[in-house]
Amino acid sequence: MKKIFALFTIITIISCSSKEVTIEEISFLFDNNNAQPNLVSNDGALSLSWISSNDEDNTSLHISQFIDEKWTKPQTIAKGSNWFVNWADFPAHAINGDLILTNYLKKSDSGTYTYDIVLSLHKLSGEKIKEDFILHSDGIKAEHGFVSIISNENQGFYITWLDGRNTLEKEMDGHHKPMTIRFAEITAVGDVVNETELDSSTCDCCQTSIAVSEKGPVVVYRDRSMKEVRDIYITRRINDVWESPRPVHNDGWIINGCPVNGPKVAVNSNNFAVSWFTVSNGKPTVNLSFSKSNGNSFGSPLKINDHNAIGRVDVAFLNDQEVIVSYIEVDDIGTYLRIKKVSIDGTISAPITISKIDGGRNTGVPQLEIFNNEIFIVWTVLINEKNQLKSVKLNSENI
């Protein structure tokens with residue numbers, strides 16, 4: 001199979017109010033359909049994973065690092081058939097030292113949403129530590145996905161996911177039991193330890209988010225109450241004990257279905273930032289809320305979008321007082337991927353348009369990271385009837 005991985009840059013000038021911002025495209029060329037990106041900045045490294053496929057019988061997971069101003073030659077982490085490939089439920093990865101942990105989803109039965117979470121642990125050199133092992137221990141043929149991974153302090157990883165092991169059972173009223181969210185740790189040799197249920201009722205298919213604070217791991221996700229309120233919740237592990245989940249904010253959004261629009265959490269020292277999509281008073285909204293107390297409490301939400309929000313948010317700390325938020329919104333002219341800088345004191349910058357964008361599923365969930373004081377964004381575009389990744393960067397000092 002012929003593979004092409006070239007580099008060239010295109011400089012684009014985007015006008016935002018009276019400010020001009022230079023956006024540089026980092027070329028990404030790779031044969032076949034490429035989509036489902038996951039962008040991670042950690043410990044002085046920027047890495048990108050994605051799925052490449054011809055069809056469901058020829059699928060592979062790749063990873064590349066951004067070194068010397070270009071994406072390195074991709075490393076193939078896993079390949080196979082009968083994978084579950086979905087625009088919203090994309091693979092996650094994390095790097096800890098010279099170890100990389102990745103996941104992909106593989107069908108476990110004939111049901112549309114019956115699939116397992118499969119993990120692979122490698123060294124960055126390519127040496128295999130443990131390949132193709134299932135994360136969850138239930139052995140039940142149900143939905144398992146929407147994974148988030150982050151490195152921990154013990155040369156291993158924290159991982160969280162949505163788990164449908166209970167959904168095959170029925171409540172007294174005849175309805176199936178809800179989706180749950182679970183957490184585990186993966187050791188440096190690939191053992192799955194400390195698996196636990198965090199919440200017994202969550203939204204079915206919204207992305208999860210995980211971070212590490214000074215006191216331990218933090219998980220943010222979309223909850224589901226008995227009255228179908230689907231607000232964003234947070235839970236923290238303090239002194240090795242998981243707290244009872246609680247809302248970041250009581251939006252009171254009642255929806256009898258999953259909006260497929262998860263939150264993101266970012267942590268810097270004692271400060272937390274959570275961004276999310278909701279519908280407030282009938283208006284699609286992107287919110288951002290800060291905590292200055294390690295997540296003990298959150299301030300009132302700041303409204304980020306200026307037009308009707310589609311959401312698909314991301315957030316990253318630019319420094320200890322400011323974050324960058326990415327989001328999709330639509331106006332009378334078109335649909336756009338935009339970013340804003342937001343300060344903990346509540347100051348919100350003018351929007352910067354990264355690109356006009358397809359608001360449908362082909363776009364996937366845009367990824368945002370800060371690396372070497374530059375803002376990197378990756379999303380999926382359609383080129384010549386094939387999915388392809390588009391990656392850009394801009395200098396954070398110009399925002």
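I'll start with one hairpin and then move to a sheet elsewhere in the chain. Just so you know, what you're looking at is a predicted model.

Strand β30 covers residues 374-383, and β30 pairs with β31 in the antiparallel sense, over 10 bridges. If you want a pair to look for, find Ile377 and its bridge partner in β31, Val392. Between the two strands there are two residues, and in this hairpin Asn384 takes a positive phi near 50°. As for β31 itself, residues 386-395, that strand is mostly covered, with seven of its 10 residues buried.

Now let's stop at Glu374, which sits in β30. Is Glu374 buried or exposed? Its relative accessible area is 18%, and the cut-off for buried is under 20%, so Glu374 counts as buried. And what does its side chain make a polar contact with? That would be the side chain of Lys393, at 3.5 Å. Leaving out residues up to four places away in sequence, Glu374 also touches several others, among them Glu369, Leu394 and Ser396.

β21 and β22, the latter being residues 271-280, are joined in the antiparallel sense by five bridges. To find that pairing on screen, look for Lys264, which stands opposite Ser275 in β22.

That's me done, over to you.

Notes. Residues are numbered from 1 along each chain as its sequence is written. This is a predicted model: local features need pLDDT of at least 70, side-chain atom pairs count only at pLDDT 80 or more; totals for chains, interfaces and linings use all residues. Side-chain values use heavy atoms; hydrogens and water are left out. Helices (H or I, at least four residues) and strands (E, at least two) are DSSP runs, numbered from the N terminus. Buried means under 20% relative accessible area, exposed over 50%, partly exposed in between (1.4 Å probe, protein chains only). A polar contact is a pair of N or O atoms within 3.5 Å; within protein, one must be able to donate a hydrogen and the other to accept it, and residues adjacent in sequence count only if both atoms are side-chain atoms. Contact means heavy atoms within 4.5 Å. Two strands pair if DSSP finds at least two bridges between them.
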